[in-house]
Every structure is written in C-alpha cells, then in structure tokens.
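Please open the model in your viewer and keep the selection tool at hand, as this tour moves from one selection to the next.

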Amino acid sequence: MSALSPPTVATAGAETTNRIDLVHACRWYEAGARTVKAVDDLNLHIDAAAFVVVLGPSGSGKTTLLNLMGALDAPTAGTVVLAGHDLARATRAERTRIRRVTVSFIFQSFNLFPALSALENVQFGADVAGRAHARDIARQMLEQVGLADRADHFAHELSGGEQQRVAIARALATGNPILLADEPTGELDFHTGVQILGLLHAQCDAGKTVVVVTHNREISRISDRVIELSSGHLVSDGPPAGGRAEVEQLRW
Ligand SMILES: Nc1ncnc2c1ncn2[C@@H]1O[C@H](COP(=O)(O)OP(=O)(O)OP(=O)(O)O)[C@@H](O)[C@H]1O
Ligand SMILES: [Mg+2]
C-alpha cells in the first residue's frame, strides 16, 4: 500500500480495556536493500474476552503481529490501539507503561531470566504489573502449570517444556487483561499442552482477551475466531469450521 490513511480509531475510555484494534497497521523491516513487509496493511478488531487463534506458515508475520498487538513494537505505518491507547502516538516509554498494565506476553522463545529461579521468574511477572503478594501469586501460578516442585530450579536446569510452562506462569502472574501467547504449546506433549490450553481458556472465561499464535491447526477448534496470515496479509478471518469445540475434544 503506498498512501496510508490516517488512523481512524480515536483513543477511547475504560470500556475498551480488553480490546485491540489495528488500523492499516504495517511493520516493515529494512534488511539491506530489501524491505520485508512482515505485517502489511492489516485491519483487525479483537473484541474483549475473545479467544482468537492466529495461524500461518513460518515467516508469515505472526510474531510480528503479536509484538504490535502487545506494544513490544510500534507500527511503521497505520496504528494499533491497545486497551484504548493509540500506540502509534505513544513514546517508547509510554508503550512500556501501557504494556505493563494491559498485556501478559508468552514469548515464542520463553525469555526467562537465567540468573533467576523458576519462582523468581514468575514473581517478576507479578512484580512488574505492580501486584501485591507477588511471591504467593508466583507459587500459585507455578502450581497451576504443574511445576511447584521445580520452584528453585534455574532456567537451564529445566526441560524445554518446563521452561515454556514457567513462561506461561509468569504471564498469568501479571493478571493483566490481555494475554498474548506465541506458540504456547510448542514444546509440550499432548497431555500437558491440553492442560495449558485449558488454563488459557479459563482466562478467557474470566473475561480476559486471549490471542494464541500457533502452527497447530487443531488448536483453532477451541477458538471463537481463527485468523490466518500469509506474507503479512490476512487471508481468512472467521469462526472455526464446525463451531467452537471444548478443550477435551482436541486430538493431535
Ligand atoms: N528484525 C527483523 N529484521 C528483518 N526482518 C525481520 C525481522 N523480524 C522478522 N523479520 C522477517 O519478518 C517476517 C515475519 O517474521 P515473524 O517472526 O513475524 O514470522 P512468524 O510467522 O512468527 O514465523 P514463525 O512461525 O517461524 O515463528 C519474516 O520473513 C522474518 O524474516
Ligand atoms: Mg513466530
């Protein structure tokens, strides 16, 4: 797209706390002589308390999209309105402040702190969000992901799947209203993966907005809405074929 329209979504009030709106959002990377249009002119409106799954082949822009939604990155053009805040107009410091109180992020590469124990990594999530009783929350979250007995292990003393579950516990410990999860079951066996998806679903049932990026099409069956990307563009957007299934019905 050559000429981008100005953002049409105004900064809104508290009723938008769990919403995400992308208006002609672009994220282009300059890589040498080439421009990579990782996200290109996307218009997306994610409702509060929705469970949304984003599918697409490797390199299609899923992580880039999630980073834009979660204020980890700013759009090259267009805008992203996160919980009523226009991120295109926000400074880097403002984006950080907005992110800390609105978004829980589960990173594709976990991003655990190697010098902290599992418990301290999870507590960090609650601390950053300014929650009281952060230590207690962290213990509770570790228990929820089945890792109470690994609380004192450092990241390198955990398996890949355990690290992923610590990353999930850390995100949940923030208590923030929007949960963005990048391949949250990528390292998990079927049984553990289904347990984690159950946890994410429960977040949605509690009124949070949940966006899950995955390569696993089966996971899209438990969503309200499936968004498919290809080369930074939206190629489909709608409810899962056959209606929304329960977590217990998943098989892979
Ligand atoms: N910092 C960067 N600089 C240049 N190009 C980048 C950068 N980050 C991502 N890209 C490119 O943008 C495109 C989208 O990347 P992205 O990580 O969003 O894909 P993805 O859909 O999450 O892929 P995967 O399923 O492998 O995680 C890719 O072609 C990638 O090479
Ligand atoms: Mg990715």
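The tour goes to the ligand and then to a pocket.

This is a predicted model, in which local features need pLDDT of at least 70 and side-chain atom pairs count only at pLDDT 80 or more, while totals for chains, interfaces and linings use all residues. Residues are numbered from 1 along each chain as its sequence is written, chains are lettered from A and ligands numbered from 1 in the order in which they are written, and side-chain values use heavy atoms, with hydrogens and water left out.

Select ligand 1 and the 13 residues that surround it (a residue counts if one of its heavy atoms lies within 4 Å); Ser58, Gly59, Lys62, Thr63 and Thr64 are the closest. Helix H1 (62–69) and strand S2 (34–46) each supply at least two residues of this shell, and H1 gives the largest share, 3 residues.

Now show the polar contacts (pairs of N or O atoms within 3.5 Å). A polar side-chain atom of Lys62 lies 2.7 Å from an oxygen atom of ligand 1, a backbone N or O atom of Gly59 lies 2.8 Å from an oxygen atom of the ligand, and a polar backbone atom of Ser60 is 3.2 Å from a ligand oxygen atom.

Next, turn to the largest pocket, whose volume is about 410 Å³ (a pocket is an open set of points on a 1 Å grid where a 1.4 Å probe fits, with protein on both sides within 12 Å along at least five of seven lines, and lining residues have an atom within 4 Å of a point; the volume is the space filled by probe spheres set on the points). Of its 17 lining residues, select Arg99, Phe105, Phe107, Phe124 and Val128, the closest to its centre.

Definitions and conventions
Polar contact = N/O pair within 3.5 Å; in protein donor to acceptor, adjacent residues only side chain to side chain. Helix = DSSP H or I, 4+ residues; strand = E, 2+ residues; numbered from the N terminus.
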